[in-house]
Amino acid sequence: ELLGAASSVYVKLPEFSAGTADLGDVESVLLDSGRNDELRLLSFQEMNYAINEMTDIKDSFTSMFLFLLSIIALVGISNTMLMSVLERQKEIGTLRALGFRNSEIRQIFMLEGAGIGLIGALGGLVLSTIFVWLLTTYGIDYSFLLDKIDTGYRIEGVLYGVWEFPVMANIAVFAVLVSGLVAYLPTRKILKKTVTECLRHV
């Protein structure tokens, strides 16, 4: 029995994020004490390897989920922009008849597509900001599911969200760029037709 003796000592060191502290000073003190054979120095990662593994798995699932969402968004944006441009073939023919160059017409539709993407991205940012704020402030209470579960250690029954500003910004930029680029393909296809073919389109 330990009879009240300490079995471990936790040392808090300056660090930018969990697990980034420099253990060099502590190792030096341990060596100078001459008890380095009796005591073992463990880093944050070594003490919490199971939690780190769970975090890595969670990050992998999150990345996969974001990838699937990006594919769905890409398909949705592509279909919307393709139909929007193809249905305006007569308008493109009119612009060509008025003397607009093909490059100018492509630029008009690409900028219009990027503008639509920007409006959608801003709307998504507003909605996601409200949703994430609710998650970070109030969270989702699922404690009723843990009433009859004994895990052996304390688990907080409220799930809170976190702010991921880089992810939000990247998705917004992705939506704008894709909307603009997708508009280029159908416009290029229509511009290969003659002006009369475009104007006859119903």
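**View 1. Helices and strands of the predicted model.** Helices, as counted here, are DSSP runs of H or I with at least four residues, and strands are runs of E with at least two, numbered from the N terminus. By that definition the protein, shown here as a predicted model, has 7 helices and 2 strands. Among contacts between residues at least 6 apart in sequence, 66% join residues at least 24 apart. Buried residues account for 17% of the 202 residues in the protein, and the protein exposes about 15500 Å², of which carbon and sulfur atoms supply 65%.

View 2. As general background, nonpolar side chains in soluble globular proteins tend to be buried together.

**View 3. The surroundings of Val 85.** When residues up to four places away in sequence are not counted, Val 85 touches Ile 92, Phe 109, Ala 183, Pro 186, Thr 187 and Ile 190.

**View 4. The edge-to-face pair of Trp 133 and Tyr 138.** The structure holds 2 aromatic pairs, and the one in this view joins Trp 133 and Tyr 138 in an edge-to-face arrangement, with 5.9 Å from centre to centre and 85° between the planes. Trp 133 has a relative accessibility of 42% and therefore counts as partly exposed, whereas Tyr 138, at 54%, counts as exposed, because the cut-off for exposed is over 50%.

**View 5. The stacked pair of Trp 163 and Phe 165.** A pair of aromatic rings is described by the distance of the centres and the angle of the planes. For Trp 163 and Phe 165 the ring centres lie 5.4 Å apart and the planes stand at 0°, so this pair is stacked. Trp 163 counts as partly exposed because its relative accessibility is 32%, while Phe 165, with a relative accessibility of 53%, counts as exposed.

How values were computed. Residues numbered from 1 in each chain as written. Predicted model: local features only at pLDDT ≥ 70, side-chain atom pairs only at ≥ 80, totals over all residues. Heavy atoms only, no water. Contact = heavy atoms within 4.5 Å. Phe/Tyr/Trp six-rings, centres within 6.5 Å; stacked < 30°, edge-to-face > 60°. Buried < 20%, exposed > 50% of the residue type's maximum accessible area, 1.4 Å probe, protein only. Areas by Shrake-Rupley, 256 points an atom, 1.4 Å probe, with all protein chains shown as cover.
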